[in-house]
Amino acid sequence: MRKRTIHFSDKKPDDIMIRRNIPNALTCGNLLCGCVGVVEAFHNNLLISCILVGVALIFDFLDGFLARMLKVSSAIGKDLDSLADMVTFGLLPSIIVYQLLMQSIPDLMGIWKAYPAFIMAIFSALRLAKFNNDTRQSDTFIGLPTPANAMLIAALPFIVQLESEFWKDIIINTTNLLILTVVMSYLLVMELPLIALKFKHFGWKGNEARFLLIVSSIVLLVTLKFLAVPLILVIYIGLSLAENMRRQKA
């Protein structure tokens with residue numbers, strides 16, 4: 001008996017609705033991680049908050065990947081993704097920095113010094129708003145993506161907890177944390193094209209920078225663990241600058 005090919009139009013409306021909402025469900029998982037992470041951060045359970053950032057990063061990758069694979073991208077999904085990212089990769093990192101600043105301030109009269117941590121949340125909102133309305137960001141990012149910034153901030157409490165006192169003294173330092181907040185906030189909105197890990201094909205040509213970033217990140221994470229994250233960010237920006245120069249010469 002000849003088998004009948006089932007086309008997308010043959011599928012039941014319920015099946016189509018389920019397909020459309022799979023990526024949105026993952027985006028909501030990202031948002032849930034952010035909400036719980038905020039609560040844990042205010043209870044000073046920073047390691048739990050940082051683990052939730054890591055889980056949210058997985059949700060954030062999968063929702064976009066499945067939306068493209070299932071061909072169910074939508075304006076609502078794009079807006080929902082940005083709203084979830086604002087909580088998980090914008091507000092939550094700011095609260096983590098706020099709590100680290102609070103640890104660095106010996107005098108309770110100086111707690112106002114921790115408030116600049118929320119500059120990062122403001123610039124994250126600007127970054128996400130620009131992304132939703134900038135047609136240039138289909139193959140590259142303009143400015144540091146909020147998940148990359150969140151990944152760096154989430155690594156800090158683990159470095160403080162697991163590494164030597166030397167690194168703890170560097171991180172739990174009011175001046176250093178304020179400088180980090182300003183630098184990362186600027187990078188979020190900087191007019192700098194950065195590599196996007198979106199593969200149109202998996203061949204070497206045209207993906208050299210992406211493969212170098214992935215391989216170097218794996219090697220550094222295996223050897224240096226959480227200390228690797230700041231180095232990965234530096235490599236990411238460096239490879240992006242090299243890729244921009246290559247494109248200009250081509």
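The side chains of threonine 88 and asparagine 30 are joined by a polar contact of 2.9 Å. A polar contact is a pair of N or O atoms within 3.5 Å; within protein, one must be able to donate a hydrogen and the other to accept it, and residues adjacent in sequence count only if both atoms are side-chain atoms. This is a predicted model, in which local features need pLDDT of at least 70, side-chain atom pairs count only at pLDDT 80 or more, and totals for chains, interfaces and linings use all residues. Residues are numbered from 1 along each chain as its sequence is written, and side-chain values use heavy atoms, with hydrogens and water left out.

Threonine 88 sits in helix H3 (residues 75–104). Helices (H or I, at least four residues) and strands (E, at least two) are DSSP runs, numbered from the N terminus. The relative accessible area of threonine 88 is 0%, so this residue is buried. Buried means under 20% relative accessible area, exposed over 50%, and partly exposed in between (1.4 Å probe, protein chains only). Not counting residues up to four places away in sequence, threonine 88 touches Asn30, Leu31, Gly34, Val53, Ala56 and Pro93. Contact here means heavy atoms within 4.5 Å.

## Confidence and overall fold

Mean pLDDT for the protein is 88, and 90% of its residues reach 70 or more. Residues 1–9 have a pLDDT below 50; beyond near neighbours in sequence, this stretch has four contacts in the model. pLDDT is the predictor's confidence in each residue, from 0 to 100.

The protein has nine helices and two strands. Their order from the N terminus is α-α-α-α-β-α-α-α-β-α-α. Of its 250 residues, 43% count as buried. Among contacts with a separation of 6 or more, 72% join residues 24 or more positions apart.

## The largest nonpolar core

Which residues touch the most other members of the largest nonpolar core? They are Leu100, Leu144, Ile171, Met184, Leu194, Leu233 and Tyr236, out of 54 residues. Elements giving two or more residues to this core are helix H1 (13–42), helix H2 (46–70), H3, helix H5 (146–162), helix H7 (174–189), E2, H8 and H9. H5 gives the most, with 10 residues. A nonpolar core is a set of buried Ala, Val, Leu, Ile, Met, Phe, Trp, Tyr and Cys residues joined through side-chain atoms within 4.5 Å.

Leucine 100 touches Leu46, Leu156, Ile171, Ile172 and Leu177, leaving out residues up to four places away in sequence. H5 is mostly covered, with 14 of its 17 residues buried. H5 reaches 25 Å from its first C-alpha to its last, close to the 24 Å expected at 1.5 Å a residue. The expected span is 1.5 Å times one less than the number of residues in the helix.

## Leucine 180 on H7

Leucine 180 belongs to helix H7. Its relative accessibility is 22%, so leucine 180 counts as partly exposed. Beyond neighbours within four places in sequence, leucine 180 is in contact with Leu152, Ile153 and Leu156. The C-alpha atoms of leucine 180 and alanine 117 are 9.5 Å apart, although the two residues are separated by 63 residues along the chain.

## Helix H8: two faces

H8 covers residues 208–224. Its 17 residues should span 24 Å at 1.5 Å a residue, and its end C-alpha atoms are 24 Å apart, which agrees. Ala209, Arg210, Leu213, Ser217 and Leu220 are the buried residues of H8. Seen down the helix axis, they fall within an arc of 105 degrees, so they line one face of H8. That arc is taken over the directions from the helix axis to the C-beta atoms.

Strand E2 (193–195) and helix H9 (228–249) are among what covers these buried residues. The face of H8 turned away from its buried side carries the exposed residues Val215, Ile218, Val222 and Thr223.

Most residues other than glycine have a negative phi. Lysine 225 lies in the loop between H8 and H9. At 55% relative accessibility, lysine 225 counts as exposed.

Asparagine 44 also has a positive phi, near 65 degrees. Asparagine 44 lies in the loop between H1 and H2. Is asparagine 44 buried or partly exposed? At 42% relative accessibility, asparagine 44 counts as partly exposed.
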